[in-house]
Amino acid sequence: VFRQKGLPEELAYTAMIESGYSPRAVSRVGAKGMWQFMEATARRYGLLINRWVDERLDPVKSTVAAARYLGDLYGMFGDWFLAQAAYNAGEVRVGRAIQRARTTDFWALTQTRHLPDETKMFVPQILAATVITREPARYGFEVTKESPLAYDEVTVRRALDLETVAGLAEVSVDQ
């Protein structure tokens, strides 16, 4: 998705730090999915949320939304570190921090009290994940690569329960 949108592929590690890539992750403040979208931001980026569906939990749709959001943040701040900080803390908070500290240097902002500690550590954590993932054995990790998940996407005209879908697909409900 990031490659298709002309964005740095390393941005995908944002979800590793946000949720450990868990599509079912829920934060203490109500952010959901592997990209940890708050409801308002999710809606702004086209994700459907209602009593039947929450597309923040959809790995594909939420990744497309996250790529659009990160691209927009880069457009606002002109710097990927600031874009990632804004992804974590919100664009308003990062904008205020820049104004108060009178700098657009993310690393200089980390030396001020204008960003939350979580945000100050967020970008370095993404950078660490990027470096480690390129050479995991060098850092003591043994990684077995798995094949990408195979799935089909089918549009239905009305809501269907999983038992019906499984029966029509001739697979178990777990599958």
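Helices, salt bridges and surface patches

Q: Which residue just after α8 takes a positive phi of about 60 degrees?
A: Helices here are DSSP runs of H or I with at least four residues, strands are runs of E with at least two, and both are numbered from the N terminus. The model is predicted, so local features need pLDDT of at least 70 and side-chain atom pairs count only at pLDDT 80 or more, while totals for chains, interfaces and linings use all residues. Residues are numbered from 1 along each chain as its sequence is written, and side-chain values use heavy atoms, with hydrogens and water left out. Just after α8, the residue with this positive phi is Glu170.

Q: At the start of α8, the backbone nitrogen of which residue has a side-chain oxygen of Asp161 within 3.1 Å?
A: Helix α8 covers residues 162-169. At its start, a side-chain oxygen of Asp161 reaches to within 3.1 Å of the backbone nitrogen of Glu163.

Q: What is the pattern of the protein, read along the sequence?
A: The protein has eight helices and zero strands. Its C-alpha trace spans about 60 × 40 × 30 Å along the principal axes. Read along the sequence, the pattern is α-α-α-α-α-α-α-α.

Q: How many salt bridges does the count come to?
A: Side chains of opposite charge can pair when their charged atoms come close. The rule for a salt bridge is a side-chain nitrogen of Lys or Arg within 4 Å of a carboxyl oxygen of Asp or Glu. By this rule the count is nine.

Q: With which residue does Arg3 form a salt bridge?
A: Residues are classed by relative accessible area: buried is under 20%, exposed is over 50%, and partly exposed lies in between (1.4 Å probe, protein chains only). The closest N and O atoms are 2.9 Å apart, and the partner is Glu9.

Q: Which residue meets Glu39 in a salt bridge?
A: Glu39 has 37% relative accessibility and therefore counts as partly exposed. The N to O distance is 2.7 Å, and the partner is Arg43.

Q: Is Lys120 buried or exposed?
A: Lys120 meets Asp117 in a salt bridge at 3.9 Å, N to O. The two are three residues apart in helix α7 (residues 117-134), which means a separation of about one helical turn. Asp117 is exposed at 59%, whereas Lys120, at 14%, is buried.

Q: Which residues gather with Arg93 in a patch of positive charge on the surface?
A: Patches take residues with over 30% relative accessible area and no salt bridge, joining like charges within 9 Å and nonpolar side chains (Val, Leu, Ile, Met, Phe, Trp, Tyr) within 5 Å. Lys and Arg count as positive, Asp and Glu as negative, and His and the chain ends are not counted; the charge is placed at NZ of Lys, CZ of Arg, CG of Asp or CD of Glu. Arg93 is in helix α5 (residues 91-101) and is partly exposed at 43%. The residues gathered with Arg93 are Arg96, Arg100 and Arg113.

Q: What accessible area do the residues of the nonpolar patch have together?
A: Accessible areas come from the Shrake-Rupley method with a 1.4 Å probe, and for residues only the protein chains shown count as cover. The patch is formed by Val154, Val156, Leu160, Leu162, Val165, Leu168 and Val173. Leu162 is exposed at 57%. Together the patch residues have about 650 Å².

Conventions:
A polar contact is a pair of N or O atoms within 3.5 Å; within protein, one must be able to donate a hydrogen and the other to accept it, and residues adjacent in sequence count only if both atoms are side-chain atoms.
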